[in-house]
Amino acid sequence: MIRFLKATGYVLGLPVILLTAWWFGSANSTSPFWPPLSTIIETFPSTWTWDRIVGDVFPSLARLGIGFGLAVVVGIVLGTAIGLSPTLRALSEPVLEFFRAVPPPVLVPIIALFAGYTGWLGKIVTIALGCLWPILLNTVEGVRGLEPVLGDTAKSYHLSPWRRLVFVVLPGASPRIFTGARQSLSIGVILMVISELFGANRGLGAAIVQFQRSFAIPQMWTGVIVLGLIGVLLATLFKVVENRMLAWYVGQRQIERGA
Amino acid sequence: MSITTMLSGRGAQAPAAPKTDVALDLRNVQKTYDTPGRPHVEAIRNLDFQVRRGELVCVVGPSGAGKTTLLRSIAGLLDVTAGEVVLDGTTVTGPPEGMAVVFQEYGRSLFPWMTVRQNIELPLKEKGIPKAERREKVDRALEEVSLSEAAEQHPWQLSGGMQQRVAIARAIAFEPTVLLMDEPFAAVDAQTRAELEDLVRSLWKHLGVTVLFVTHDIDEAVYLGERVIVLSNRPTVLMEDVKVDLPPERDQLTTRSDPRFGELRGHVYELIQRAKRGERPDETAAVDKGV
Amino acid sequence: MSSSPATLAPPARSRATTRSRRSGRSRDLWLGVAGVFIVLAGAETLSRTGIVNPDFLPPVTAMYAALFEMLGEGWFWEALWLTVRGWALGLAAAMALGIVVGFVIGSIPFLRRFTNSTIEFLRPIPSVALIPLVILLFGTQPQSAFVLVVYAAFWQVLVQVLYGVADVDPVARDTAKSYQFGPLRVARSVIYPTALPYIMTAFRLGAAVALILEITAELVIGVDGLGRELGIAQSSGAVPETYALVIVIGLIGVAVNLLARFVERKALWWHPSVRSEHS
């Protein structure tokens with residue numbers, strides 16, 4: 001019981017202190033940029049109504065989901081092919097090196113040329129292209145970094161290429177694939193917001209900027225908080241999936257570290 | 001109860017129609033490495049020996065004698081430069097069908113993302129064995145190595161000795177003509193090691209599988225083997241093919257205190273010491289097949 | 001390091017690599033050049049033949065013509081300088097802050113447990129959430145970009161440094177204690193060497209993120225720099241210039257990555273993925 005209280009104290013202690021400090025620190029604020037926390041909280045329910053959630057938040061998340069999903073599929077397929085073939089790797093390395101280094105937001109003007117930027121297509125393509133590189137490159141590394149003894153074992157037991165891929169190569173690369181996917185997801189959230197700042201739009205990012213432009217500052221703050229919460233929520237969700245799918249890896253690491 | 005029935009036709013007790021009496025035949029095998037930094041490094045100069053069906057043969061040599069190179073060549077994981085490795089009458093060019101390898105790095109040769117059962121089952125799936133039969137074979141193999149209760153655990157949840165048993169179970173469930181073991185017990189503690197040695201002896205005896213056991217431990221080689229092949233220093237040739245004329249029933253206590261065990265051990269030790277000093281048998285001795 | 005003459009040629013490598021290793025390096029180089037050429041030639045062909053509308057994808061030769069023209073103009077160099085400066089200052093601040101905070105929190109178990117939940121909560125908050133705020137506070141001044149860059153890169157650095165400090169071998173730490181090393185000596189001779197590879201990784205990750213946010217701030221907010229020029233070029237319909245600027249920004253990214261990885265490889269040579277690149 002005492003241990004439980006102590007653990008709770010560690011988890012909630014600092015957040016409570018910070019929130020309290022914010023509450024009292026901003027209580028008598030007259031600065032238009034830093035409204036009191038109480039005002040922000042009061043504004044919250046009237047700003048984030050169900051209509052707004054359906055009209056702005058869901059479409060944003062849907063675009064993120066589709067773009068990220070496309071990136072995962074394409075990234076793993078291409079990454080595995082490149083990781084397994086030294087020739088393909090040598091051929092594509094400098095090109096990939098360039099594309100991974102291009103900061104994803106600069107894709108927006110280019111994609112705008114092709115697909116326009118009012119519909120979903122341009123936004124989804126932006127998110128997918130931005131998310132692709134971390135997954136692709138980490139898959140390549142994961143496939144290459146496979147424990148050589150495991151490769152030998154697979155060979156000496158005559159596993160067919162397909163079985164080797166499904167039971168050996170992909171699971172072996174999965175910790176790296178997840179690392180890449182995690183990086184991609186945070187880039188995806190950034191691009192989800194940025195892609196809504198161009199052209200007339202609806203969506204979470206567009207809404208926040210709309211508040212800022214119309215000087216609805218407490219509403220803008222609620223938007224920043226919603227965006228933050230979504231970031232935290234997605235990261236938590238990702239972690240749950242990762243812990244499930246990589247249970248063997250987590251367990252193995254814990255034992256190695258404990259030993 | 002035992003897997004002997006599963007192995008019928010392959011075992012020494014019931015040789016249905018073996019093509020030859022020789023399971024594994026090394027014919028003037030040579031291996032030279034060519035790397036940019038160090039061109040033309042001769043690892044194996046000439047090895048020529050045979051393992052008969054159902055035999056348990058140990059290979060020892062001073063450290064760096066190319067034991068691993070030899071094993072990887074036999075396993076078809078490495079091309080030989082000259083000569084050939086013949087398994088069951090067929091020249092080895094890639095990993096051969098009827099061979100299972102137990103690697104030294106037990107921790108890294110088991111797939112950590114699979115349970116013990118899945119690890120053993122995977123090669124059987126590849127053989128196209130139906131599900132029910134697979135299950136049965138896995139259960140029996142696990143029983144052989146006394147690990148039935150660990151079937152649903154992951155390898156990394158087990159101790160080192162248990163992991164190596166899983167690797168052995170995987171190999172015997174595969175029902176190979178030849179079982180290759182590459183210093184399999186080098187990384188486990190002394191007690192576990194003794195247990196695993198007895199396990200290998202008993203599996204060999206009642207499954208009738210042919211075993212080639214590579215080790216750097218002289219005691220282990222003499223205790224386990226029917227023959228001990230002693231390798232020279234690099235570039236490797238055969239120092240001597242020592243026949244171990246100990247009784248087939250072996251026991252950690254009585255066998256190891258047998259005066260004959262001491263003599264053989266002393267003899268192999270002497271050979272290894274000579275090999276370490278760089279002494280080599282004359283070339284005729286290397287070609288001579290000893291037994 | 002461990003390849004003493006006794007353990008000949010790493011047994012783990014497969015036949016194919018052993019055989020091709022001699023000519024592997026130069027062959028890879030040529031393949032890489034060929035890959036770049038294929039992409040450039042492919043883009044040129046698509047555009048010239050009209051398979052892709054040249055208004056959207058001008059010929060590569062036109063892009064490079066625009067690029068070389070830009071190289072002769074003052075605004076280009078000015079913008080390039082501002083972008084690189086913004087990136088470097090933001091990254092330096094994030095590194096300094098992240099390393100100091102990471103070392104302090106990481107070496108004191110109480111602080112580590114106390115701050116854990118807060119760090120885990122604040123870290124995934126997307127830095128772009130701050131865009132409206134910095135616009136209000138700083139408008140298009142460089143400070144806007146600075147805040148975004150520092151915020152984004154700081155978490156990358158902090159988390160890596162925390163991993164690094166946590167990775168210190170307890171035995172090494174105990175040894176240091178039993179010899180009664182002072183805290184500064186422990187930090188310098190035990191914690192720092194262990195954490196160094198992590199700091200290098202932090203530098204690599206932070207450098208990439210910092211560039212992304214610097215360009216984003218320029219493109220979205222209008223802070224002076226290459227990103228702003230890119231936005232202007234695109235909205236004024238100067239398509240070859242748009243592509244030329246993307247190429248330049250991409251090349252800056254390549255340079256940043258190469259620098260970061262060069263530094264990292266020096267410190268991480270023992271890591272399996274790096275090692276297999278060498279052998």
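1. Helices (H or I, at least four residues) and strands (E, at least two) are DSSP runs, numbered from the N terminus. On that basis chain B has 10 helices and 10 strands.

2. This is a predicted model, in which local features need pLDDT of at least 70 and side-chain atom pairs count only at pLDDT 80 or more, while totals for chains, interfaces and linings use all residues. Residues are numbered from 1 along each chain as its sequence is written, and chains are lettered from A and ligands numbered from 1 in the order in which they are written.

3. Domain bounds come from an automatic or database domain assignment. For chain B, domain 1 covers 1-98 + 177-185 + 209-291 and domain 2 covers 102-175. Where they meet, domain 1 of chain B contributes 11 residues and domain 2 of chain B contributes 11 residues to the contact. Two residues are in contact if their C-beta atoms, placed from the backbone, lie within 7 Å. The domain 1 side of chain B that touches domain 2 of chain B consists of eight nonpolar, no polar and three charged residues. Here Ala, Val, Leu, Ile, Met, Phe, Trp, Tyr, Cys and Pro count as nonpolar, Asp, Glu, Lys and Arg as charged, and the others, Gly among them, as polar.

4. In chain C, the domains are 21-57 (domain 1) and 66-278 (domain 2). Their centres, taken over C-alpha atoms, are separated by 31 Å.

5. Of the 291 residues of chain B, 49% are buried. A residue is buried if 20 or more other C-beta atoms lie within 10 Å of its own, exposed if 12 or fewer, and partly exposed in between, with C-beta atoms placed from the backbone. Among contacts in chain B with a separation of 6 or more, 72% join residues 24 or more positions apart.

6. Most residues other than glycine have a negative phi. Asn28(B), not a glycine, has a positive phi of about 45°; this residue lies in strand β1 (residues 22-33) of chain B. Asn28(B) is partly exposed, with 14 other C-beta atoms within 10 Å.

7. Ser146(B) also has a positive phi, near 50°. Ser146(B) sits in the loop between α4 (131-144) and α5 (160-173) of chain B and is partly exposed, with 13 other C-beta atoms within 10 Å.

8. The largest nonpolar core has 218 residues, of which Val268(B), Val149(C) and Ala210(C) touch the most other members. Helix α8 (residues 183-221) of chain C gives the most to this core, 19 residues. A nonpolar core is a set of buried Ala, Val, Leu, Ile, Met, Phe, Trp, Tyr and Cys residues joined through C-beta atoms within 7 Å.
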